[in-house]
Amino acid sequence: MSTPPSGLPTHEPTVTIETEPYWNGLAEGVVRLPHCGSCDSIIWYPRAVCPGCGTTELDWRELSGKGTIYSFSIARRTPGSWGKVAPYVLAYVELVEGPRVMTNIINTDPDSLQCGQSVRAVFDPTPEGMAVLRFEPDDGA
């Protein structure tokens, strides 16, 4: 387990053929997810089959990296390596393009967060050259 700049612990991601464009995108500083042309949906989590209509004919789209906090929880006490960084925020972020992703909100006072608040993607690098997707408040800048 490594500790990226956010200070939150993380495991190096397991990259598969189905998820490689997603992980490569994060390493490049972009959010890239599969798009289904049949039902016009962006798919979270990355996979080879559309969960809405079952097609396997998907393309990859580069997304804005913007969204809003749909729901969140502040973990103030937890065991293990996560306990050392508490309090931290676990949240569902609804991306502008539609899907909701489970993530962390970083670079802010957890008590200042609100549902509906605008956030933007942060690409938290790992020592091995990959990145994990986290979010921070978007002040509009």
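Leaving aside residues up to four places away in sequence, leucine 133 touches Tyr22, Leu26, Val31, Thr103, Ala121, Val122 and Phe123.

Before going on, a bit of housekeeping. This is a predicted model, where local features need pLDDT of at least 70, side-chain atom pairs count only at pLDDT 80 or more, and totals for chains, interfaces and linings use all residues. Residues are numbered from 1 along each chain as its sequence is written, and side-chain values use heavy atoms, with hydrogens and water left out.

Okay, the core. By nonpolar core I mean a set of buried Ala, Val, Leu, Ile, Met, Phe, Trp, Tyr and Cys residues joined through side-chain atoms within 4.5 Å. Buried is under 20% relative accessible area, exposed is over 50%, and partly exposed is in between, using a 1.4 Å probe and protein chains only. Which residues touch the most other members of the largest nonpolar core? Out of its 22 residues, they are Leu33, Val93, Leu95, Ile105, Leu133 and Phe135. Two or more residues of this core come from each of helix H1 (20–28), S5, strand S6 (100–105), S7 and S8. Those labels are DSSP runs numbered from the N terminus: helices are H or I with at least four residues, strands are E with at least two. Apart from that core there is another one, of 5 residues, including Leu8, Ala75, Tyr88 and Val122. As background, nonpolar side chains tend to be buried together in soluble globular proteins.

Now the charged side chains. A salt bridge means a side-chain nitrogen of Lys or Arg within 4 Å of a carboxyl oxygen of Asp or Glu. How many does a search of the whole structure find? It finds 9 salt bridges.

Is aspartate 138 buried or exposed? It counts as buried, at 17% relative accessibility, while lysine 66 is partly exposed at 32%. Not counting residues up to four places away in sequence, aspartate 138 touches Lys66, Ser118, Val119 and Arg120.

Next, arginine 120 and glutamate 136 meet in a salt bridge at 3.0 Å, N to O. This pair also links distant parts of the chain: arginine 120 is in strand S7 (residues 118–125) and glutamate 136 in strand S8, 16 residues apart. Salt bridges with shared partners join Lys66, Arg120, Glu136, Asp138 and Asp139 into one network. Within it, glutamate 136 is buried at 16% relative accessible area, and arginine 120 is partly exposed at 23%.

One more pair: glutamate 94 and arginine 100 form a salt bridge of 3.2 Å, N to O. Glutamate 94 is partly exposed at 28%, and so is arginine 100, at 38%.

Last stop, the surface. Tyr70, Leu90, Tyr92 and Met102 make a nonpolar patch there, with about 390 Å² of accessible area together. Patches take residues with over 30% relative accessible area and no salt bridge, joining like charges within 9 Å and nonpolar side chains (Val, Leu, Ile, Met, Phe, Trp, Tyr) within 5 Å. The areas come from the Shrake-Rupley method with a 1.4 Å probe, and for residues only the protein chains shown count as cover. Tyrosine 92 sits in strand S5 (residues 88–95) and is partly exposed at 37% relative accessibility.

Conventions:
Contact = heavy atoms within 4.5 Å.
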